[in-house]
Amino acid sequence: MQHDDTIAAIATPPGVSAVAIVRISGPQARAIAAACFEPARGGALRNAHARRGWVRDPHTGQRLDDSLALLFAAPQSYTGEDVVELQVHGGAGVVAAVLAHVVAAGARLAAPGEFTRRAFVNGKLDLAQAEAVADLIDAQSRQAAAAAAARLEGALGRSLRELRAQLTARLVEIEAHVDYPDEVPAPDATRLESVIREQCARVDGLLAGAGPARALRDGLDCVIAGPPNAGKSSLLNALVEAERAIVSETPGTTRDIVEDRVAVDGVVLRLRDTAGLRATSDAIEAEGVTRARRAIGDAELIVVVLDASSPLRAEAREVMRASDGRPRIVLLNKLDLGDAGAREFARELPSVEHIVGSVRRPVTVETVRRAIARLGWGGGAIAANTALVANARQLESLTRARDALGHAQATIASGAPIDLLSGDMRAAIAAYGEVTGETVTDAVLDGIFSRFCVGK
């Protein structure tokens with residue numbers, strides 16, 4: 001991919017709006033803007049100043065739209081290059097015509113994420129920060145946005161660059177001794193062990209935040225399971241505060257998986273209401289039951305809903321067996337209709353923590369929400385500034401770094417020659433660099449930036 005030409009794209013979502021933005025970045029951004037934009041009072045664009053004027057056809061000079069133009073001069077712009085933004089009226093025809101004029105004047109259409117990729121290439125962002133840009137755009141809750149914003153500030157990159165520099169300095173000492181043993185003394189093994197132990201602790205801390213970070217970024221897959229007519233769909237509707245699923249006293253009403261999303265303590269749950277587990281001769285319902293069992297097997301969190309008002313049936317015991325040993329919340333629902341099932345459950349499964357109530361009562365729904373937060377991600381809100389390792393790529397790299405450091409610790413403990421640490425230290429340094437982008441390949445970069453929207 002070229003980085004020395006000038007690119008352009010629409011930077012606002014498709015559809016009709018009051019204002020849309022066409023963004024231009026590259027060495028010819030000013031010249032292209034001059035060909036397509038006519039300031040109302042003449043003169044050239046000034047850095048960080050908005051100028052009102054008209055977008056015009058670069059070949060005929062015909063005016064198209066009353067607009068604003070803003071110049072962000074290199075190297076202080078987002079991409080590190082000259083950037084010009086044309087703010088035009090948001091009709092689809094106007095926006096398409098403006099972009100066509102910009103391309104006719106010498107720009108090319110930007111690839112997905114190419115503006116942010118240029119920011120990375122030009123040293124405006126490290127790779128972890130670039131990934132945080134996409135996370136911020138995709139954030140589905142306030143807390144997910146806060147966590148992405150914390151990553152965008154660069155705390156992860158700063159921490160890893162510090163670890164990388166520290167480990168590199170120790171590696172230089174080892175290799176200098178290996179190359180010049182008569183002139184350079186061997187590094188102190190105790191000091192090396194202390195450095196590696198400290199690095200292990202810091203990487204462990206980053207890895208510990210990976211689970212909560214992923215929950216904030218991607219949400220948790222939460223399945224609502226139970227026998228027919230226990231109130232699963234009613235719970236889904238209560239959690240999302242909408243009539244999302246059909247509620248009926250007729251068993252077997254839910255035949256397929258109904259999905260929705262809801263934020264609990266700032267983390268998005270991918271809620272799935274499943275068909276009631278029971279034996280049935282109805283082919284369609286049977287397929288729904290099969291899908292429900294599969295969903296239970298795949299879920300990260302299971303909310304089991306049972307009928308508190310009726311004696312426990314075989315289906316209730318089956319769903320308890322199917323969810324045993326998994327992250328699980330048990331709700332004994334319909335307490336407003338009786339407590340025979342709740343009393344039987346307490347006798348048969350006294351060690352299983354459960355909630356007794358009715359989804360018709362707000363206090364029960366709130367109790368379920370608190371239980372989800374406690375079980376799903378450690379109770380209560382996740383601190384955004386500790387959720388720094390947010391995706392599988394970063395997690396895999398840091399896990400390899402931790403493994404290499406652990407092997408180095410074992411090497412020191414065994415009393416082996418110090419020079420045997422070099423391989424593990426190099427591996428850890430490279431893994432740190434993969435996260436920040438110092439040692440990443442073009443293929444990896446292509447994969448990362450392909451998930452961005454065009455125009456960012």
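Helices H4 and H16 are roughly parallel to each other in this predicted model. H4 covers residues 127-138, and H16 covers residues 442-449. Two packed helices are described by the angle between their axes and the distance between the axes. Here the angle is about 20 degrees, and the axes lie 10 Å apart. Angles under 35 degrees count as roughly parallel, so H4 and H16 fall in that class.

Which residues of H4 meet H16? From H4 come Leu127, Ala130 and Glu131. They meet Leu445, Ile448 and Phe449 of H16. By class, this contact has five nonpolar residues, one charged residue and no polar ones.

Phe449 also takes part in an aromatic pair. The count for the model comes to one such pair. The partner of Phe449 is Phe452. A pair of aromatic rings is described by the distance of the centres and the angle of the planes. For Phe449 and Phe452, the centres are 5.3 Å apart. Their planes make an angle of 40 degrees, and the pair is tilted.

| Residue | Relative accessible area | Class |
|---|---|---|
| Phe449 | 2% | buried |
| Phe452 | 5% | buried |

Now the whole protein chain. It has 16 helices and 13 strands. Of its 456 residues, 47% are buried. The accessible surface comes to about 20,900 Å². Carbon and sulfur atoms hold 53% of that surface. Among contacts in the chain with a separation of 6 or more, 67% join residues 24 or more positions apart.

Conventions
Residues numbered from 1 in each chain as written. Predicted model: local features only at pLDDT ≥ 70, side-chain atom pairs only at ≥ 80, totals over all residues. Heavy atoms only, no water. Axes fitted to C-alpha atoms, helices over the stretch in contact; angles between N-to-C directions. Helix = DSSP H or I, 4+ residues; strand = E, 2+ residues; numbered from the N terminus. Parallel < 35°, antiparallel > 145°, perpendicular 65-115°, else oblique. Contact = heavy atoms within 4.5 Å. Nonpolar A, V, L, I, M, F, W, Y, C, P; charged D, E, K, R; others polar. Buried < 20%, exposed > 50% of the residue type's maximum accessible area, 1.4 Å probe, protein only. Areas by Shrake-Rupley, 256 points an atom, 1.4 Å probe, with all protein chains shown as cover. Phe/Tyr/Trp six-rings, centres within 6.5 Å; stacked < 30°, edge-to-face > 60°.
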